[in-house]
Amino acid sequence: MSPMNAEGYFLETPGEPLVKRSLELADPGPGEALVEVTACGLCHTDLSFADGSVTTRHALPLVLGHETTGRVIAAGAGAESWIGKPVLVPAVLPCGECEFCAAGRGNACPSQKMPGNDIHGGFATHLLVPAGPLVSLDGAPEGTSLAEISVVADAVSTAYQATVRAGLEEGDMAIVVGAGGVGGFVVQIARARGARVVACDVKPASLEAAAAFGAEHIIDVSGREPRDVRKEVRGLAKEWGIQSLRHRIFETSGTAPGQVLAYSFLGPAATMMVVGFTPEKVPTRLSNLMAFDASVHGTWGCPPEAYPPVLDLIYSGQLAISPVVEHAPMSKLNDLLDDMAHHRLKRRMVLDPRA
Ligand SMILES: [Zn+2]
Ligand SMILES: [Zn+2]
């Protein structure tokens, strides 16, 4: 049975505060699960929807939030086995039935649903979702914070999937452009997977954090020419004895200068991943890809089947999320969106809907 007292924070008018009000939820249909929300992480994408710079695919009003953990309290036909389970709700919920999904490319599934974009999201007491893509947190070791795991739904899993798509292997050189947020997780995951990591950023705090999380070399690129930075990176690769074939470049800054810099690092048979987003265009000579026999891949989200290895990294202590997470009551949501807009947030905020 659906709860009578569900509430959510609705985006009604872009540019105006989210509105807390009651949320009408249907009983779960076949294959659906009703999740009681434990926590929902606040992501920059939520701010983009809230301030109107990006339009939600579902018409407004819509409950935002796509980094949710919780517990299944009701389920429709075929999904009953989920009832009572602690779960993570991935930010991208693929249909699980189409050709994309069958090929392991569920994060590009044309029928995918994203909470807080296609359907009501996790800034609420409850969330109704297709059960198929849910990730069970049953195996979490004692003491694991279900609330903290919420950031795995997007930021951490996106970083992980980028390393998978890049074909990152032990002994590779991972060059991360933009070491905060998702990039910070790429640094940690690349290190955990045995790569040697270089981090580039314009913020000293992000670089310090990257160094603490396993980047062997950090480069403050503010005010420097890409050519000059490239020379430094190539010198390091030579020192470490890692040929460009094993260079994995991650553009996680989501800025035009970051994209230009990352692209400049490409050498023969190297691989670049475009992980960050910017609406800006950059001038590039695409023929460098031909000349270098190099690859550039885009990557977005993470297919559900890639979540268990991410959780293993966390459960085994190889990937630390506690130091980058901060807890707050969901009632502070509008203030936090404002803080985010003014770059006042230092950590990823995880919001408690009961406070
Ligand atoms: Zn997000
Ligand atoms: Zn699909």
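A residue counts as buried when its relative accessible area is under 20%. Keep that cut-off in mind for this model, which is a predicted one.

Take histidine 66. Its relative accessibility is 1%, so histidine 66 counts as buried. Cysteine 43 comes out at 7%, and therefore counts as buried too.

Both residues belong to the zinc site. Which protein atoms are the donors of the zinc ion, ligand 1? They are SG of Cys43, NE2 of His66 and OD of Asp154, and they lie 1.7 to 2.1 Å from the ion. Along the sequence, the spacing of these donor residues reads C-x22-H-x87-D. Cysteine 43 sits in the loop between strand S3 (32-41) and helix H1 (44-50), while histidine 66 sits in the loop between strand S4 (62-63) and strand S5 (68-75), so this pair ties together parts that are 23 residues apart in sequence.

Now to helix H3. It covers residues 155-165, and its axis comes within 10 Å of the axis of helix H9, residues 307-315. The two axes cross at roughly 110 degrees. An angle from 65 to 115 degrees counts as roughly perpendicular, which means that H3 is roughly perpendicular to H9. From H3, the contact is made by Val156, Ser157 and Tyr160. From H9, the residues are Tyr307, Pro309, Val310 and Leu313. Sorted by class, this contact has six nonpolar residues, one polar residue and no charged ones.

Staying with helix H3, we find threonine 163 there. Is threonine 163 buried or exposed? Its relative accessibility is 0%, so threonine 163 is buried. What does threonine 163 touch, leaving aside its neighbours within four places in sequence? Its contacts are Leu168, Val186, Ile189, Arg193 and Phe250.

The last stop is helix H5, residues 204-212. Here Ser206, Leu207 and Ala210 are buried. Why do they lie on the same side of H5? They cover an arc of only 100 degrees around the axis, and that puts them on the same side. As a general point, an α-helix has 3.6 residues a turn, so residues three or four places apart point the same way. On the other side of H5, the exposed residues are Ala205, Glu208 and Ala212.

What covers the buried residues of H5? The cover includes helix H4 (181-192), strand S10 (196-201) and strand S11 (215-220). Just after H5 comes glycine 214, with a positive phi of about 115 degrees.

That is the tour.

Notes: Residues are numbered from 1 along each chain as its sequence is written. Chains are lettered from A and ligands numbered from 1 in the order in which they are written. This is a predicted model: local features need pLDDT of at least 70, side-chain atom pairs count only at pLDDT 80 or more; totals for chains, interfaces and linings use all residues. Side-chain values use heavy atoms; hydrogens and water are left out. Buried means under 20% relative accessible area, exposed over 50%, partly exposed in between (1.4 Å probe, protein chains only). Helices (H or I, at least four residues) and strands (E, at least two) are DSSP runs, numbered from the N terminus. The arc is that of the directions from the helix axis to the C-beta atoms. Contact means heavy atoms within 4.5 Å. Axes are lines fitted to C-alpha atoms, for helices over the stretch in contact, and angles run from 0 to 180 degrees between N-to-C directions. Angles under 35 degrees count as roughly parallel, over 145 as roughly antiparallel, 65 to 115 as roughly perpendicular and the rest as oblique. Ala, Val, Leu, Ile, Met, Phe, Trp, Tyr, Cys and Pro count as nonpolar, Asp, Glu, Lys and Arg as charged, and the others, Gly among them, as polar. Donors are N, O and S atoms within 2.8 Å of the metal (3.2 Å for Na, K and Ca); water is not among the atoms, so sites may look incomplete.
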